[in-house]
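This report describes selected strand pairings, surface features and aromatic contacts. The sequence and the model are shown first.

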Amino acid sequence: MGIKKVNHLKTGSFVETIRFILKAVLSLRVSYTLISIMMNQKLHTPSILYFWILLLMGLMPPSVLSAQKGFVKGKVVDNQSNAPLSYASIRIMKSTDSTLVGGNITDENGNFLIETSFGQAFASVEFIGYKTMNLPFFTLSKEKTIQDFGTIKLSAATKQLDEVVVQAEKSTMELALDKKIFNVGKDLANAGGTATDILNNIPSVSVDVEGNVKLRGSENVRILIDGKPSGLVSFKGSAGLQQLQGSLIEKVEVITNPSARYEAEGMSGIINIILKKEQKQGLNGSFEVTTGYPMNYGLAANVNYRHKKVNFFINYGIAYRRLPSVGAIYQEVYTSDTTFITQMNRETNMTGFHNNIKAGADYFFNPKNTLTAYYMLRRTDVRRITDLVYKDYLFKTDKLNTITNRQQDEKETEPNSEYALTYKRTYDKKGQELVADLRFLDYWERSDQVFTQTSTFANGSPNPANTKLQKSLNDEFEKQFLIQLDYVKPLSKEGKFETGMRTSFRHMINDFLATEQGRNGEFFTLPGLDNYFIYDENIYAAYAILGNKKEKFSYQFGLRGEITDVKTTLRKTNEVNPRQYANLFPSAHFTYKLPKENAIQLSYSRRVRRPRYDELSPFVTYSDNRNFFSGNPDLNPEFSHAFDLGHIKYFDKGSLAASIYYRHTSDKVLNIRRVDSLGFANTKPENLLTEDAFGAEFTSQLTLVKGWKTDWSVNFFRAITDGANIESALESDTYSWFARHTSRFSLPQNIDLQVRASYEAPQKTPQGERKSLYYVDLGANKDVLKGKGTITFNVSDVFNSRRMRTITEGVNFYSYSDFQGRRRQMNLTFAYRLNQTKQMAKKSINEE
């Protein structure tokens with residue numbers, strides 16, 4: 001390739017170009033220095049010298065600066081169409097040791113101009129979806145200050161393009177030793193559902209009728225969205241995920257024994273929900289429309305547009321749903337001479353209007369520096385009508401005493417805002433990066449409820465003493481500010497050092513008032529149901545991780561320190577409960593690669609589970625005035641030691657992962673139910689002594705024959721719980737298991753069929769037993785519009801069998817409950833992909 005002399009560059013533009021480059025480098029170095037100062041890090045002498053050298057260089061005249069420098073230029077285009085490739089990466093490296101000495105990206109016309117030092121070097125040209133091209137060696141000197149490569153033509157790399165663009169062709173489940181990744185798009189049961197539905201379809205994860213998420217049978221799991229806390233899981237815990245449309249989710253990561261990199265919260269592990277986002281050039285995205293029965297109407301769009309150095313993205317989902325649910329409780333209460341029996345039946349119809357929008361942009365200063373900012377708004381407006389019927393008996397169910405009808409009419413509004421700013425810096429050395437993240441959550445919820453209650457005796461005459469009109473107004477607020485900084489630096493060939501810090505500030509308020517209409521028509525405040533609860537939580541954390549690999553053996557040691565400052569305040573009664581504690585959370589991971597695609601890993605971590613806001617708030621739920629639920633301001637955090645020994649085997653037809661785990665927990669938190677002599681029950685969380693959990697988990701993904709893919713998950717566990725600090729009989733030793741199987745069949749005419757079956761065996765609890773739970777889901781889809789569209793039909797809980805049945809016993813009572821939080825659901829969904837055609841990907845793969 002010939003080298004052309006460049007004589008048409010004007011002196012003014014040449015000088016400005018040089019000064020611009022210097023200012024950019026200087027600003028980055030200043031930013032690094034300031035960050036180091038803010039972190040109270042000592043700067044090494046070379047860093048300080050480099051800083052002042054750059055400062056002096058910025059003040060020097062251009063003639064001095066360019067004394068030992070030359071330039072490399074050229075234009076990068078597509079090999080087939082000759083279209084310019086903007087933002088392709090060009091790296092200049094020494095010919096002797098491949099050390100990076102310069103680099104830049106092409107402009108919108110594919111041109112580049114790079115300043116670099118005199119000497120012999122070579123250039124490497126890279127662009128996403130294209131084969132990397134290494135250009136011939138060249139030499140810059142005083143005699144030859146410019147190297148012009150002219151037009152550089154890159155060829156498309158078909159396989160790389162398929163991996164980046166075609167997400168729909170990913171496997172449903174990706175297994176690794178340290179985590180499992182579940183790609184949402186391939187699971188037919190997820191179409192038209194919510195984030196809660198998606199989690200319930202993941203092996204090792206289960207969701208109860210109230211929306212509470214369990215991992216390996218434990219509710220003590222930390223749920224993150226895009227790796228960070230979210231307002232969706234603040235007040236209501238994981239039940240808030242019912243507000244997030246599943247079509248906005250890209251994938252879910254399940255990490256059962258996290259390293260020190262992750263916050264210590266979450267006893268059984270971490271579930272990280274990753275939302276959709278693209279960065280490809282031009283306009284692309286996906287759109288989805290859903291209809292279903294019971295009523296489920298939804299629209300969703302995930303769009304991004306990348307132009308030059310800016311990538312704009314927006315995710316929007318809107319849904320209108322009706323969620324019917326039913327439940328029943330049978331209860332016996334024993335006194336010295338009487339047995340009181342109550343039968344309660346509950347029917348709820350909840351209609352909700354949900355809006356979710358996330359909009360933001362990535363700004364690529366250059367290939368190494370990216371700034372991302374976004375705003376997320378979620379708003380939910382709910383109308384909930386619950387009808388309860390209480391039948392009270394004496395001694396036997398043929399001796400009816402009274403019948404009471406109670407209706408709850410609730411209007412609920414929940415706006416939730418989130419602001420985020422993230423800066424990412426990569427370095428010349430592969431794997432070295434710095435990420436800084438600022439995040440602010442602003443959450444508010446108002447619940448306005450009216451309770452109408454009438455009562456009659458068995459003979460039909462009115463019971464005025466139990467006829468009531470009550471109101472409840474509940475306002476909840478949360479503001480959370482999060483600062484996080486993470487740094488990764490590779491060491492030697494396979495080693496790595498990681499460090500970081502995280503600080504979060506949370507301020508939460510619950511303003512609660514319940515009133516009842518008196519005989520004069522005026523409302524009076526119910527005793528104990530008027531207060532102002534304040535929750536302040538500040539957490540300061542820092543961590544360090546050191547890892548390395550030697551031949552087939554690799555190790556990773558981590559240590560995380562967290563200082564927690566929590567204070568709860570009941571303003572009207574002036575009850576203040578401050579908590580302060582500092583803890584260290586070590587972690588260790590050892591991995592050994594065996595022959596024939598086998599590997600084993602041994603891991604350990606110490607974890608914490610802090611009480612949630614609703615577990616500390618003393619206010620009771622008032623919809624059911626026979627069965628109350630409240631928090632406990634005196635609740636202590638749980639601490640656990642978790643061990644995990646895992647093995648994974650890859651083979652031609654799939655993979656198999658197995659693990660044995662043990663978890664010892666102190667100050668175990670469990671909901672304890674107590675019933676008074678009148679039959680009124682109160683359930684609140686309390687600290688038990690310990691829990692020891694043992695288990696074995698097996699997960700596999702197999703392609704048995706062409707066109708038939710299967711996923712299997714089986715978990716066996718034993719849990720020993722000791723609550724002798726509360727009652728001598730409050731203990732349990734249970735053996736249980738749960739399993740899930742999914743089969744997916746590829747049929748002619750681009751049709752896929754999916755069947756999933758789940759089963760959870762009975763399980764003993766310290767106060768009784770949870771009965772078995774089982775259900776079956778079906779789904780089918782067909783590609784249309786030449787692969788750009790997909791029609792999906794699914795039925796969740798085909799046999800309407802997913803019911804939570806429990807037995808709870810105490811010294812003076814026995815109760816049996818049967819609840820179905822969500823009835824059988826049928827959805828029909830149409831999805832359209834813009835510039836994401838999976839048929840094109842299949843063709844390209846076949847051509848390879």
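In which strand is the place of Leu 438? Leu 438 belongs to strand β22, which covers residues 433-457. The model is a predicted one.

## Leu 438 and a nonpolar surface patch

Leu 438 has a relative accessibility of 39% and therefore counts as partly exposed, the class that lies between the limits of 20% and 50%. Together with Leu 421, Phe 481, Phe 505, Tyr 540 and Ile 563, Leu 438 makes a nonpolar surface patch of about 490 Å².

Strand β23 (residues 468-491) pairs with strand β24 (residues 495-517) in the antiparallel sense, over 22 bridges. Within this pairing, Phe 477 has Ile 509 in β24 as its bridge partner. The two strands form a hairpin with 3 residues between them, and Ser 492 in the turn has a positive phi of about 50°.

Strand β24 is also joined to strand β25 (residues 523-550) by 21 bridges, and these strands run antiparallel. Here Glu 516 stands opposite Phe 524 in β25. The hairpin of β24 and β25 has 5 residues between the strands, and Gly 521 takes a positive phi near 90°.

## Aromatic pairs

The structure holds 23 aromatic pairs. One of them joins Phe 122 and Phe 137, whose ring centres are 5.6 Å apart; the planes meet at 75°, so the pair is edge-to-face. Phe 122 lies in strand β5 (residues 119-126) and Phe 137 in the loop between β6 (133-134) and β7 (138-140), so the pair ties together parts that are 15 residues apart in sequence. Are Phe 122 and Phe 137 buried or exposed? Phe 122 is buried, with a relative accessible area of 13%, whereas Phe 137 is exposed at 54%.

Tyr 759 and Tyr 774 form a stacked pair, with 6.4 Å from centre to centre and 20° between the planes. Tyr 759 is in strand β37 (residues 751-760) and Tyr 774 in strand β40 (residues 773-784), 15 residues apart. Tyr 759 is partly exposed at 29% relative accessible area, and Tyr 774 is partly exposed at 40%. Elsewhere, ring pairs link Phe 553, Tyr 555, Phe 557 and Phe 590 into a cluster.

## Leu 704

Leu 704 is found in strand β34 (residues 690-705). Its relative accessible area is 34%, so Leu 704 is partly exposed. Leaving aside residues up to four places away in sequence, Leu 704 touches Lys 653 and Thr 710. Leu 704 and Lys 653 are 51 residues apart along the chain, and their C-alpha atoms are separated by 6.8 Å.

Notes:
Residues are numbered from 1 along each chain as its sequence is written. This is a predicted model: local features need pLDDT of at least 70, side-chain atom pairs count only at pLDDT 80 or more; totals for chains, interfaces and linings use all residues. Side-chain values use heavy atoms; hydrogens and water are left out. Two strands pair if DSSP finds at least two bridges between them. Helices (H or I, at least four residues) and strands (E, at least two) are DSSP runs, numbered from the N terminus. Buried means under 20% relative accessible area, exposed over 50%, partly exposed in between (1.4 Å probe, protein chains only). Contact means heavy atoms within 4.5 Å. Patches are made of residues with over 30% relative accessible area and no salt bridge: like charges are joined within 9 Å, nonpolar side chains (Val, Leu, Ile, Met, Phe, Trp, Tyr) within 5 Å. Accessible areas come from the Shrake-Rupley method with a 1.4 Å probe; for residues, only the protein chains shown count as cover. A salt bridge is a side-chain nitrogen of Lys or Arg within 4 Å of a carboxyl oxygen of Asp or Glu. Rings of Phe, Tyr and Trp (its six-membered ring) pair if their centres lie within 6.5 Å; planes under 30 degrees apart count as stacked, over 60 as edge-to-face and the rest as tilted.
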